[in-house]
Amino acid sequence: MTNYPFIFAQSGDNAAKETAEQTKQIITEITTWKISQGLIVLAISYISIKVVDKLVIWVSEQVAKEWRLQVKQFLPFFRMMVLTITVIFLMNLFLNLSRDNLVAVTGTVAVALGFAFKDYASSIIAGIIGLFEAPYRVGDRIQIEDFYGEVRSYGLRGIRLQTPEDNVVTIPHNKIWTNAVSNSNMGELEAQVITEFYFAHNVDSQLVTKILYRVAYTSKYTYLKLPVLVIVEEKYWGTFFQLKSYPLDARDEFIYKTDLTTRAKRVFAKHNLPYPRLMNMSEGG
């Protein structure tokens, strides 16, 4: 009876030895000149990405406002194109991209890199999928976990988020596997802004509602083609008002909210409207 396990084990050993020999041969063909070429290509790739970033952002600020975010969406695709060309060139430079070389290197390196760069590979795959599913794009205002802000750049591994405190937070793409992504504008120029106000139980709700509508419709930042809505809710500590409206440009979110708040408070003061005495409103509760 044929000893199949022995044959398979022997074939596996032979394949492993052959792969090791091919890998050793490839490594011996790596010369100082090839390394120098590789470094030059990496430098050109880095400079190209920086130039593309600045050029796309510059163009986005020159075109009509409604086209700004659409132009910025080209950033991740240009970055991916430059990186893909760079990787292919380097593989051809060091591996010659022949079938035997690819099999040899893939068999030797894949397992090691699979464990060492598992999270990095997961982020890259998530980033590629994100280009098509678009849970966020450059210019979107999003929240992931405790971080909220505008997506300033879309890289191979992750995004850079600029928070209202002007901090830049780097978030890997693989967060989309396990975390919810809240997107305020989904590629649109406008994003809803909610401004909150608090009053005592005996406040004239109709008067407050009328004032809030007037403040929103007369603000120079309000996009009048989108709806303005006032929500009134009774809480144990008083009456809770939410003014929901849209600025002309999503990045004016906090300037807009400040404008609405200061102008509304000026009118409230004229009518001597009562504020709640007990302020225990964690999460609006």
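Predicted model: local features only at pLDDT ≥ 70, side-chain atom pairs only at ≥ 80, totals over all residues.
I take two strands as paired if DSSP finds at least two bridges between them.

**Entry 1**

I began with β7 and strand β8 (residues 239-245), which six bridges join and which run antiparallel. I then looked up individual partners, and found that Ile231 is bridged to Gln242 in β8, while Glu234 has Thr239 in β8 as its bridge partner. The two strands form a hairpin, and I noted four residues between β7 and β8.

Next I asked in what order the strands of this open sheet lie. I read the order as β6-β8-β7, three strands with antiparallel pairing. Because β6 and β7 (229-234) each have a single partner strand, they stand at the edges, and one side of each is left without a neighbour in the sheet. For the angle I recorded that neighbouring strands here are turned by 20° against each other on average, direction ignored.

**Entry 2: the five-stranded sheet**

I turned to the other open sheet, for which I wrote down five strands in the order β4-β3-β2-β1-β5, again with antiparallel pairing. Here β4 (168-172) and β5 (181-183) are the edge strands, each having a single partner strand, so that one side of each is left without a neighbour in the sheet. Neighbouring strands of this sheet are turned by 40° against each other on average, direction ignored.

I then went through two of its pairings. Strand β1 (residues 141-144) and strand β2 (residues 147-154) run antiparallel and are joined by four bridges, and Arg141 finds its bridge partner in β2 at Glu150. Strand β3 (residues 158-162) is joined to β4 by five bridges, the two running antiparallel, and the partner I found in β4 for Ile159 is Ile171. I also checked the hairpin of β3 and β4, where five residues lie between the strands and Asp166 takes a positive phi near 70°.

**Entry 3: aromatic pairs**

How many aromatic pairs does the structure hold? I counted 10, and looked at one of them, Phe199 with Tyr275, in detail. The ring centres of Phe199 and Tyr275 are 5.2 Å apart and their planes meet at 15°, so I class the pair as stacked, the cut-off for that being planes under 30 degrees apart. This pair links distant parts of the chain, since Phe199 belongs to strand β6 (residues 193-199) and Tyr275 to the segment after α9 (253-271), 76 residues apart.

**Entry 4: the cavity**

I noted about 40 Å³ of space in the largest cavity. Which residues line the largest cavity? I listed Pro76, Arg79, Met80, Leu83, Leu131, Tyr154, Gly155 and Leu156. By class, I sorted this lining into six nonpolar residues, one polar and one charged.

I then asked which element gives the most to the lining of the largest cavity. The answer was helix α4 (residues 74-95), with four residues. The lining also draws at least three residues from each of two domains, domain 1 (15-96) and domain 2 (136-183).

Methods
Residues numbered from 1 in each chain as written. Heavy atoms only, no water. 1 Å grid on protein atoms, 1.4 Å probe; cavity = no way out; pocket = protein on both sides within 12 Å on 5 of 7 lines; lining within 4 Å. Points joined across faces, edges and corners; volume = space filled by probe spheres on them. Nonpolar A, V, L, I, M, F, W, Y, C, P; charged D, E, K, R; others polar. Domains from an automatic or database assignment. Axes fitted to C-alpha atoms, helices over the stretch in contact; angles between N-to-C directions. Phe/Tyr/Trp six-rings, centres within 6.5 Å; stacked < 30°, edge-to-face > 60°.
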